[in-house]
Amino acid sequence: MAPSRTERAVIVGAGLAALRAAEAMRAAGFSGPLAVVGDEPYRPYDRPPLSKHVLTGETPPDATALPGRPGLALDWHLGVPAARLDRTAQEVHLADGRALPYDRLLIATGTRARPWPNPHEGRMPGVFTLRGRDDAAALRAALAAGPRRVVVIGAGFIGCEVARVCRSLGLPATLVDPGPTPLARVLGSTVGGVVGALLREDGVDLRFGAQVEWLEDEGGRLVRAHLTDGTRIEAEVAVVALGAVRNTAWLTGSGLSADPGGVDCDADGHVLDADGRPDPRIAAAGDVARFPHPLYDGRRVALEHWGHAEAQAVHAGRLLAGDRPDAPYSAMPTFWSMQGDVMVKSVGLTDGADAVAIAYGDLAARRFVALYGRAGRCIAAVSVDCARWLPACAELIAARAPFPPDGAAVDRNARSLDILAPGLP
Amino acid sequence: MSPPSAGSPLRVSVDLNLCQAYGQCCYAAPRHFRIDGREALFYDPAPGADARVAIERARVACPVQAIRVEDPDA
Ligand SMILES: Cc1cc2nc3c(=O)[nH]c(=O)nc-3n(C[C@H](O)[C@H](O)[C@H](O)COP(=O)(O)OP(=O)(O)OC[C@H]3O[C@@H](n4cnc5c(N)ncnc54)[C@H](O)[C@@H]3O)c2cc1C
Ligand code: SF4
């Protein structure tokens, strides 16, 4: 790709990853035209506050514009989605009929909220999903109107955050999930049980091992949710928090290896075609990218973490600018979630953990670090109000240190460490 | 959040993976940073332009450099 003329770059998706990648490209010396396409009408903004202080009303929905480096000289194409990618002509086709030629392309289209399976019920006034700023503004308005009860469907991070926000606003809230505890798929039921206890003490009506079957309206508005066991929950607001789907539909027909689980990348960050060959002109970053993680034996993962979107975007931006990174992208996965005023943070990935040890603090005090092991190695750690111990845990995970760790790594002797079952499904 | 002031609001974000709730930002700019509970940092992502000095004080004070600021008028 020796630049004989001015090369043009396009970034599709105008979120966190897009902004950080644009900064990295400019910092690495890319000086050609750089276009950013976003289907939302807004410049890149921060999403984490949307399920927290935007819903409490402390932060206005339009106040979370992301800080960036000035002087990036970007050509913004906002409010119009990319509809199609033509790799032969090297063009991104927009929904309004325009085509943007590229020599280098970044795919950073992120995810969208998984919709309620029944589209009619999903569109009913009173039923919400939460991904973007407009979603948050609409849900905030509904909560501020003082509904008699809010039913939150799905006890992942966002569902749990929303349930806590409802309680902080004094609203009755019911949280429904088929799992045994909140966050059971990510944290396991041992640590998830602590989050559940916090929710219960906060007055959230917890319905675990339960499922919403259908949503009923009266006069077109939601009035109640019906569980599969026949229970009814009278609620004027339902928040559907069933996870996310990757925005890859626009890549259909491009010949790239992509599906609702992500677009595939190689270890460098270049996207792969359906035959597994990298396209050296195209990279992907953020929530939409699925890539082999060196820390986890090259297992292909797609992460929905703020820190990952930033770090992978910087990597991909440098790659596209021609500043070939000397190592594959291997950033330690990190995540935080604010459950009311309780901070939950994680490093590493818990998938496949066969044991968990409370390395610092204790469960009963709701202040601890849980270290997860798999086949005798440290693979992840989760802290509850105990973040200062996490960097030391991240070091153990990066080094694939033996699990359980020796006394130097924990606040008590390894022999007195209780090894628990993580309770992952 | 902040009273209206001359100039565009600042843009602030905090990398809460890095933040260890030391609270220095809260001392440096108490109207714009707050810790709830033990370590849940709340910050104003769009402080008014008149908070420039306080926000810069907070950014510099953070021991883990978790605070990012853009002044659109700079
Ligand atoms: C409510 C909420 C709370 C969160 N809280 C936390 C948290 O506490 N901690 C944490 O670590 N992470 C959190 N996250 C996750 C974090 O925000 C994401 O990981 C991050 O936003 C990913 O950035 P991205 O740029 O990859 O994708 P996005 O931010 O999704 O940006 C992608 C953009 O591309 C646009 N787009 C999609 N398709 C097209 C198309 N065809 N053409 C043009 N544009 C398109 C999208 O509309 C979007 O604007 C939260 C997410 C949400 C939604
Ligand atoms: S100074 Fe930095 S580490 Fe301390 S609370 Fe503020 S952002 Fe967090």
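## Polar contacts of ligand 1

A polar contact is here a pair of N or O atoms within 3.5 Å. In this predicted model, a polar side-chain atom of Glu40(A) meets that condition, lying 2.5 Å from an oxygen atom of ligand 1. Backbone atoms take part as well: a polar backbone atom of Ala17(A) is 2.8 Å from an oxygen atom of the ligand, and a backbone N or O atom of His305(A) lies 3.4 Å from an oxygen atom of ligand 1.

Of the 1000 Å² of accessible area that ligand 1 has on its own, the protein covers 95%.

## The surrounding shell

Ligand 1 is surrounded by 33 residues, of which the closest are Asp39(A), Glu40(A), Arg47(A), Arg131(A) and Asp287(A). By class, the shell comprises 16 nonpolar, ten polar and seven charged residues.

In chain A, the elements that each contribute two or more residues to this shell are helix H1 (16-27), strand S2 (34-38), helix H7 (306-320) and strand S24 (334-339). Because domain 1 (9-112 + 245-320) and domain 2 (119-242) of chain A both give residues to the shell, ligand 1 lies between them.

## Pro72 in chain B

Pro72(B) belongs to the segment that follows strand S4 (67-70) of chain B, and with a relative accessible area of 32% this residue is partly exposed. When neighbours within four places in sequence are set aside, Pro72(B) is in contact with Ser8(B), Pro9(B), Leu10(B) and Arg11(B).

The C-alpha atom of Pro72(B) is separated by 28 Å from that of Tyr22(B), a residue 50 residues apart from Pro72(B) along the chain.

Note on methods:
Residues numbered from 1 in each chain as written. Chains lettered and ligands numbered in written order. Predicted model: local features only at pLDDT ≥ 70, side-chain atom pairs only at ≥ 80, totals over all residues. Heavy atoms only, no water. Near = heavy atom within 4 Å. Polar contact = N/O pair within 3.5 Å; in protein donor to acceptor, adjacent residues only side chain to side chain. Areas by Shrake-Rupley, 256 points an atom, 1.4 Å probe, with all protein chains shown as cover. Helix = DSSP H or I, 4+ residues; strand = E, 2+ residues; numbered from the N terminus. Nonpolar A, V, L, I, M, F, W, Y, C, P; charged D, E, K, R; others polar. Domains from an automatic or database assignment. Buried < 20%, exposed > 50% of the residue type's maximum accessible area, 1.4 Å probe, protein only. Contact = heavy atoms within 4.5 Å.
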